[in-house]
Amino acid sequence: MNPQWLELVNAAASGKRPHFFGDADVDRLLAIVWAMAGELAVTRERLDTLERLLAERAVVQRTDLDAYRPDAEAARERGEWQMEYIARLLRVLQQELDALRATGAKASGD
Amino acid sequence: MSAAVTHDDIARFNFLANFNKYMATVVAPGNAVAFRERVEPVWVRERGEPPQTRGEVRRAMASDPHYRFWSALRRCGMEMRQQAGRSLVLRQAESLRDRARELGSSHAAGLQLDPAVTVPRYQSELDNHCMPGSYYAEYLDDDVSAAANYDAGMFATTTGLFGRFLDGAGRGTADWLQQTRPAWRPRRILDLGCGVGHNTVPLARAFPDAQVVAVDLAAPMLRYGHARAVGMGIDNIQFQQANAEGLPFEAQSFDFIYSTMFLHETSHAALRNILGEASRLLAEGGIQIHLEQPPYRGMTLFEQFMRDWDCHYNNEPFWSALHETHLPSLLRERGFAAESIFETEIHALVEEEMPKVGIETEDFGRGGLWYAFGAIADGAAK
């Protein structure tokens with residue numbers, strides 16, 4: 001996309017954005033979560049198209065996907081990816097805990 | 001004339017359409033349950049009587065967790081629909097503009113823009129139903145992006161209830177006219193606040209020998225509407241930029257005048273001026289009819305409250321006032337005799353395969369069923 005349009009794409013309508021929860025941050029967070037839910041549906045639909053095309057062209061059947069069992073190496077690689085992924089998402093929790101631990105260590109005179 | 005879409009663009013709208021359907025059928029009805037089971041009982045316990053006004057229902061519901069969540073999600077849906085539309089339209093704004101120019105050039109007389117027309121304050125103050133830039137924003141010369149976005153997203157917000165070409169109201173109006181006056185053929189038709197002409201095209205089709213004039217304030221909508229109509233093979237519509245509060249036409253020069261879901265976007269004063277113009281322009285024996293969402297009179301306070309959501313949270317500032325106004329009385333004030341004024345219902349006429357409006361799909365103001373009011377210009381009665 002032409003970068004000059006990107007800001008316009010995400011422009012707000014004039015007028016105050018209402019908030020419905022006691023804390024407006026909850027409304028903000030819901031807006032982000034719901035946008036992600038939308039994008040997940042978009043990805044899922046793309047995957048569904050891919051599976052159907054592969055089946056239509058007799059490359060991979062949808063039943064093959066359900067029957068697939070990773071071997072040990074594939075399972076390990078997937079596990080690694082999942083851990084990295086989760087750590088990336090929950091980075092902020094780890095950082096706060098790291099800081100808390102550092103404070104604790106300082107207080108105990110280490 | 002519509003924008004080119006990718007797999008992801010379609011998927012985004014599929015998600016929003018299904019989300020809207022789920023909201024309407026599962027989440028929205030929960031508000032009535034919450035009101036009945038826990039909100040109203042508490043209000044009654046504290047005050048000794050149930051809420052007495054729509055505003056009191058709103059105050060009572062404001063702290064209910066289900067209502068909050070439904071509202072917040074609904075607002076998110078409105079914003080995401082705009083984002084999805086703009087993300088697909090703005091990236092091709094130049095090519096859409098070029099396509100509109102090219103299509104339009106084959107029937108150039110069908111588009112009359114007037115740069116002297118300004119957007120009135122009641123329209124420029126707030127972007128209508130959360131459309132960034134409303135109907136008017138222009139990001140390049142001869143821009144049509146606001147209209148292309150409106151066209152692309154409307155199917156998702158109405159989940160098919162307005163038909164494949166979003167023309168259910170216009171087709172329903174043409175059908176109503178043919179049933180009301182079977183042999184009558186209007187010669188000059190005027191569509192007020194036509195937008196992209198979703199409901200102009202079906203009237204032009206139903207009466208191919210009629211001259212149809214479609215007016216709107218917004219140039220992007222008219223450019224796109226004109227190109228769209230030409231692309232659909234329609235050549236008897238003239239799209240004209242004008243303010244419906246003061247139209248450059250001779251008195252009694254149209255025999256059928258109509259508007260669909262237009263009046264609620266106009267102010268108190270503009271509404272009266274527009275109906276004044278419609279009445280001035282109506283020829284002897286002609287009919288004017290205006291489609292809107294149903295008035296609040298006769299509805300429970302709770303239903304009024306639900307229908308009023310858009311006024312408070314979806315940038316529809318005139319929604320409440322319009323639905324509280326006794327519209328037929330305004331025509332009475334414009335000189336029509338009581339017996340020449342009517343109220344009726346218009347049902348969306350849509351393709352076989354499209355969903356039909358029903359209790360389970362009605363989403364408080366978004367169903368394919370309209371309240372309509374109008375008047376017949378009968379010299380004796382007027």
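In this predicted model, the centres of domain 1 and domain 2 of chain A, taken over C-alpha atoms, are separated by 26 Å. Domain 1 of chain A covers 22–68, and domain 2 covers 70–110.

The C-alpha trace of chain B spans about 65 × 55 × 40 Å along its principal axes. Of the 382 residues in chain B, 47% are buried. Among the contacts in chain B with a separation of 6 or more, 81% join residues 24 or more positions apart.

In soluble globular proteins, nonpolar side chains tend to be buried together. Here the largest nonpolar core has 92 residues, and Tyr224(B) and Ile257(B) are those with the most contacts inside it. Helix H10 of chain B, residues 219–231, gives the most to this core, with 7 residues. Once neighbours within four places in sequence are left aside, the contacts of Tyr224(B) are Met1(B), Ala100(B), Val144(B), Ala147(B), Ala148(B) and Val196(B). A second, separate core has 10 residues, including Phe35(B), Met61(B), Tyr67(B) and Phe305(B).

Met61(B) leads on to helix H3 of chain B (residues 54–61), where Arg54(B), Val57(B), Ala60(B) and Met61(B) are buried. Seen down the axis of H3(B), these buried residues fall within an arc of 120°, so they line one face of the helix.

Attention now turns to the contact between the chains. Chain A contributes 25 residues and chain B contributes 26 residues. On the side of chain A that touches chain B, helix H1 (3–9) and helix H2 (24–56) of chain A each supply at least two residues. The largest share of that side, 11 residues, comes from H2(A). By type, the residues of the side of chain A that touches chain B divide into 16 nonpolar, 6 polar and 3 charged.

Ala12(A) has 13 C-beta neighbours inside 10 Å and so counts as partly exposed. Apart from neighbours within four places in sequence, Ala12(A) is in contact with Arg17(A) and with Pro132(B).

The backbone of chain B also deserves a look. Most residues other than glycine have a negative phi. Cys130(B), although it is not a glycine, has a positive phi of about 60°. Cys130(B) lies in the loop between helix H6 (121–124) and helix H7 (145–158) of chain B, and is buried because 22 other C-beta atoms lie within 10 Å, where 20 or more are needed. Ser134(B), also not a glycine, has a positive phi of about 50°. The place of Ser134(B) is likewise in the loop between H6 and H7 of chain B. With 24 other C-beta atoms within 10 Å, Ser134(B) is buried.

Definitions and conventions
Residues numbered from 1 in each chain as written. Chains lettered and ligands numbered in written order. Predicted model: local features only at pLDDT ≥ 70, side-chain atom pairs only at ≥ 80, totals over all residues. Contact = placed C-beta atoms within 7 Å. Helix = DSSP H or I, 4+ residues; strand = E, 2+ residues; numbered from the N terminus. Nonpolar A, V, L, I, M, F, W, Y, C, P; charged D, E, K, R; others polar. Core = buried A, V, L, I, M, F, W, Y, C linked by C-beta atoms within 7 Å. Buried ≥ 20, exposed ≤ 12 C-beta atoms within 10 Å, placed from the backbone. Domains from an automatic or database assignment. Arc of directions from axis to C-beta.
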